[in-house]
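I opened this notebook to record what I looked up in one structure, entry by entry. Each entry keeps to a single topic.

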Amino acid sequence: MTEKKIYKYFSASVLDLVFEKEGHCSIKCSYPKDYNDPYELFLGVDLRVDPDMLAAYSEIIQELPQHPTSCFSKSPVVTPMWAHYANNHSGFVVEFDVASLEAKFEKLLIKDITYRDAPDPGIAEQLMMAAGTRKPRHAYFLQQKVLSTAYFSKDVSWSYEQECRLLEQEGRCEDVGGNLILRVPIECCSAIIAGKNAAKEIIEGTKSAANVGGMIWYHEIIGRSLGQPFLIRSDETRAVFDGSQIIIAPKTCESCSEPIEPSREHCPWCSITEDQMLRAARGNPLRMLDRYGLLEGYYDDVSRIGRPLK
């Protein structure tokens, strides 16, 4: 069975902080009130319920408990994540092994995010039960349902993140300069990926962290024919993310070494022959205009089409 991996995106500026404690990887946690989606906690009860029911909901739920939480992705090759959380591909990503995390931290909760475009109907059902029976156990079940939804649900507009969350409930976070930091033993980390735009010091720093921590080192590459980045290991081996884990690319282009489909010998671009390029050049009407010195004037004429009269 495939071991579950999760991925944390980091900016280049925090590399030293992430590995400042020997034998550990430091990850920042936040409280729900500090989430980047201000509407996230509104995915609870449907506000169209009867006011009496809404009053019962408010009374039973009171205030949401605040537990340190850290966000991960289920994929290391989400381009918007690299752009937003890793400084436009100049940062790095650390791969964590979920089984190792759960073994090291008792009662650590790691769950995938459920993306919703409407409140969870199960909460309304639980609310009706709690308000109707007024039994303590039903009120407790409602609290647990709302808590789970608040921590592990997000609006569907964020689904590109492929997020999962780590919930720490045992007070193991440290206050470091006003930040909640969870020190994760380095053996829970299985790989580190430097972004395609990473500076030399980040390349060397992530390689050093990989060597010290026994992790596999990768460099993110944006190819010419794949819909997502691929990875290169220190030994130049090409790797891809198959949707659940990083694997060695089953086949690579004989010319440029970019990962390709098993049925191909070359990537689409390397498949183009010199004769095909020559025929394309001969048939290019813009090249013919340029040959006769007419291209610049043609562009000027075309650009004026559709302009409003003055």
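The entries below cover conventions, strands, charged residues and backbone angles.

**Entry 1. Conventions.**
I worked from a predicted model, in which local features need pLDDT of at least 70 and side-chain atom pairs count only at pLDDT 80 or more, while totals for chains, interfaces and linings use all residues. Residues are numbered from 1 along each chain as its sequence is written, and side-chain values use heavy atoms, with hydrogens and water left out. I took helices (H or I, at least four residues) and strands (E, at least two) as DSSP runs numbered from the N terminus.

**Entry 2. The open sheet.**
I looked up the sheet with the order E2-E10-E9 and found it to be open, with 3 strands and antiparallel pairing. Its edge strands are E2 (24-29) and E9 (174-176), each of which pairs on one side only. I noted an average twist of 45° from one strand to the next; axes here are lines fitted to C-alpha atoms, for helices over the stretch in contact, and angles run from 0 to 180 degrees between N-to-C directions. Two strands count as paired if DSSP finds at least two bridges between them. E2 and strand E10 (residues 179-185) pair in the antiparallel sense over 6 bridges. Within that pairing, I found serine 26 opposite arginine 183 of E10. As background, strands of a sheet pair through backbone hydrogen bonds, either parallel or antiparallel.

**Entry 3. Strand E3.**
How many residues of strand E3 (residues 69-73) are buried? I found 4 of its 5 residues buried, so the strand is mostly covered, where buried means under 20% relative accessible area, exposed over 50%, and partly exposed in between (1.4 Å probe, protein chains only). E3 is joined to strand E8 (residues 163-167) by 5 bridges, and the two run antiparallel. Serine 70 stands opposite leucine 166 in E8.

**Entry 4. Lysine 8.**
I located lysine 8 in strand E1 (residues 5-10). Lysine 8 counts as buried because its relative accessibility is 11%. Its side chain reaches the backbone oxygen of cysteine 71 at 2.9 Å. I treat such a pair as a polar contact (N or O atoms within 3.5 Å; within protein, one must be able to donate a hydrogen and the other to accept it, and residues adjacent in sequence count only if both atoms are side-chain atoms). Not counting residues up to four places away in sequence, lysine 8 touches residues including Lys28, Ser70, Cys71 and Phe72; contact means heavy atoms within 4.5 Å. Lysine 8 and glutamate 163 are 155 residues apart in sequence, and their C-alpha atoms are 9.9 Å apart in space.

**Entry 5. Salt bridges.**
Aspartate 97 is buried at a relative accessible area of 6%, and lysine 5 is buried at 14%.
I also recorded the salt bridge between aspartate 120 and arginine 116 (3.3 Å, N to O). Aspartate 120 is buried, with a relative accessible area of 7%.
Lysine 154 and glutamate 161 form a further salt bridge (3.0 Å, N to O), and both residues are buried. Salt bridges with shared partners join Lys154, Glu161, Glu163 and Arg165 into one network.

**Entry 6. Glutamate 220.**
I found glutamate 220 in strand E12 (residues 216-221). The backbone nitrogen of lysine 196, however, lies 2.9 Å from a polar atom of the glutamate 220 side chain. Among the residues that glutamate 220 touches, not counting those up to four places away in sequence, I listed Trp82, His89, Ile193 and Phe230.

**Entry 7. Positive phi.**
Most residues other than glycine have a negative phi. I noted a positive phi near 55° at asparagine 88, which is not glycine. Asparagine 88 sits in the loop between helix H3 (79-85) and strand E4 (92-97) and is partly exposed at 47% relative accessibility. Arginine 134 also has a positive phi, of about 55°. Arginine 134 lies in the loop between helix H5 (121-133) and helix H6 (136-152) and is exposed, with a relative accessible area of 74%.

Notes
Salt bridge = Lys/Arg side-chain N within 4 Å of Asp/Glu carboxyl O.
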